[in-house]
Amino acid sequence: MTKKDLDKRKVTGPDGEKFEVDPLRDYFCQERPRVHDPARRIWEGFLNWARSESLWILGYGTGCGAIEMRPLMTPRFTPNKHRIQWRPTPWQSNVPSSAAICPSRPQARGPGSYEQMQGPKYVVALGSCTINGGMYWDSYNTINRLDKYLPVDVYITGCMPRPESLLAGFEKLKTLIREGRGEGQNLYAKHFDEYKANQKKIIRDWDMPDYNW
Amino acid sequence: MADKNKYREKFPEKDPDGSNIIDPESHKFIKVWQGPQHPGITGNMSLELILQGDEVMHCKTHVGYLHRGFEKLMERRRFIQCFPLVCRIAVPEPDFNEYCLAATLEELAGIKVPEAAKWMRTLILEMSRLTSFLMWLGGQSGAFGLGVAGQWTNYVRDLMLDRFEEISGGRIYRMHIPPGGVRGLTPDGFRARMEETLQAVEAAMKDVDRTLFDNAVFKRRTVGLGYIPPEMVDAYGVTGPNARAAGVPKDVRRDHPYLKYPELDFDVITGNDSDVYTRTDLRRKEILLSVDLIRQIMAKMPGSGEYMAKLPNVLHWKIPRGETYIRAECTRGEYGFYTVTDGSGYPRRINVRGPSYTHAVALMEKLAVDCNIADVAGLMSSLHTYPPEIER
Amino acid sequence: MMKALIERLEQKFRISEVVRQRNDELFMTAAKEEAVSLVTYLKEYEGFTHLVLLTAVDWLEAGRFQLTYLLNNNAVKADAGIRVYLDRERPEMESIHHLWKQAATYQRELKEMFGIGFPGSPRVDEPFILEGWRDIPPYRRDFDTKKYSEKTYFPRPGRKTYDPEEYMKKQLYPEE
């Protein structure tokens, strides 16, 4: 999709009728994300337990870190034993794992994928470059800190992080969720304008609606 | 295969150069983006497909999702600082970057590499080719809906990574080939464990043979798909297995021998017609060839000896003005570094030539036309495209 | 073989700075207006049918860009690199997309990363790698990537940068 496709325009339908389309208003949801308060104590604990035991990871490798995801999916490491599963589309998953390097161009797709996911959702950042830029700290095309653009729950360091450390990272995420500290989604809703401003700073041709779930 | 073009002689109309004329206002076309977030994509790139029904009328490759600016970053780093950086350019087989950089600097600075180091480098490059092929085979079969072959090949690839870990301590980024030699030779008992791993690879390949190559579905879908005629090889800059499958015996290991390849006994494998099936079959043979080559290397390689040349103090290592091009045969084709130095402690420019640069853009855009959309992922896999080396 | 080739080329074209880097590798400088015909000659008559790469080098101090066409002859297994110097103020070069299909991709990248124009090359003005780039082309030497990164991407505080020479000297050779 290009920026031009989002302009208001007159379209001729298949039956010859002419009508005006405003893609941003007509095709996408404009509602902002809301902060969800936790449920009552025991019920919330039960929910958190259930959430932590079904992590569905978005199989989108934004960087080279994705290469260790593939061995992780093989029987040698059996992620299913850890209740982790990869899904192909954001609509089916709740953990986008932002793999390693984050060049600014997939960053345009990162928030989009994040916002399309169903809550509650958690972000796992793989690799050192998501923390402070790592190897690419002075590159003109990679972001330095992922937490300025998405609310990160768990960082996994290393370049590459080994499959074992990925598993450890997901286990850590499960612990956080069970303790009720996986509040990334609410954080995102609360500071929505800040995140959006940062995202727009690096994506100069903003061709998406502000919130597109 | 049935001639698909038979049904579509009249529509859409064609330009004089043979490309389809796309008129979006006619409401007969739909535009579909395959990628960047898509399981059928080999890495992080996207294809903009214009479809009529389920057939591709027009394809445009969009890359740049992994651009980290390596060539710019290397200009800011000293020669020895480039060494840990380059392996990140191509992730499935990073060793080719290290070798190319090391060989470039050795040639420009006039350093002679010890014999044992040359053998070790040959071993590492060949092991790296094997792991990359195994991973690719999983992707290729997965793209046609057969996930189980990928599970097996990824498992044996993991065993191979264990051998890498023994040698260098690294799983993915080995960083074992610094300028001047290698960081070490093989540890004790390595040969026996290597032989075990090679046997595991061969056993897995037998299973893959039965499930993938004898599979009627796979054969029906791939024979005749994505055909590359031999005259397209030079016109589109095709190298590596894609060219060899078309019957053009292009193999850097034979054409421009490097390291210890002249002392190894192997034939360049070629195919007859470069469709997806032939290319897959050729790479299967390449896997078996790699296994054989590793055995040969293990038999001939010395167990001890000098493995690092005397380098000047690398912290203020200045390389005289010059330029050179070093190439090596990676799994996807010709991998090369074109380096220009200006006599200072920093490279003036290093340009990386990844084989996917030509395969994924010019060739893919040509081959995808008239393909079924369900076959696009398999076609892209069969070219073995890998985005990071396109945009670096 | 390479010697005979150089002699043949010298009769037909104005080439200079011929360097034989290896036995099978040759670099030469061609005049800007002759470069494309030299490349065509090498392709059609001398068997250099494979375009290995096309890239540019920025010689900021000399005020010029160097374009390098690297061609490979698969029959005799040899490489020929042709350098062409362009003025840095108005860099523009004839396109070779009619000789090789993939040349259009290289020229698109050069246009974006160096700002070298190739009039007539297909899709040369479409962005190739960068999206919405507003600064000067990033591979030029006067573009400071560190400054740009600091300005744009929120560097995490606490990062210390040592001069590698000083730091490693202290680590490796403390007594010196």
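Chain B of this predicted model contains 14 helices and six strands. Helices (H or I, at least four residues) and strands (E, at least two) are DSSP runs, numbered from the N terminus. Residues are numbered from 1 along each chain as its sequence is written, while chains are lettered from A and ligands numbered from 1 in the order in which they are written. Local features need pLDDT of at least 70 and side-chain atom pairs count only at pLDDT 80 or more, whereas totals for chains, interfaces and linings use all residues.

Along the principal axes, the C-alpha atoms of chain B fill a box of roughly 70 × 50 × 35 Å. Of the 392 residues in chain B, 54% are buried (20 or more other C-beta atoms within 10 Å of the residue's own, with C-beta atoms placed from the backbone).

The largest nonpolar core has 147 residues. Such a core is a set of buried Ala, Val, Leu, Ile, Met, Phe, Trp, Tyr and Cys residues joined through C-beta atoms within 7 Å. C100(B), M364(B) and L71(C) have the most contacts inside the largest core. Helix α4 (residues 115-143) of chain B gives this core its largest share, 14 residues. Apart from it lies another core of 30 residues, including I84(A) and F170(A). Leaving out residues up to four places away in sequence, C100(B) touches I326(B), A328(B), Y335(B), G336(B) and F337(B).

Helix α11 (residues 276-300) of chain B has 25 residues. From first C-alpha to last, α11(B) reaches 36 Å, close to the 36 Å expected (1.5 Å times one less than its number of residues). Its buried residues include R283(B), E286(B), I287(B) and S290(B). The buried residues of α11(B) pack against α4, α6 (190-213), α7 (216-222), α9 (241-245) and α13 (373-382) of chain B.

In chain A, strands β1 (residues 9-12) and β2 (residues 18-21) run antiparallel, joined by four bridges; strands pair if DSSP finds at least two bridges between them. V11(A) stands opposite F19(A). Five residues lie between the strands of this hairpin, where G16(A) takes a positive phi near 90°.

Conventions
Buried ≥ 20, exposed ≤ 12 C-beta atoms within 10 Å, placed from the backbone. Contact = placed C-beta atoms within 7 Å.
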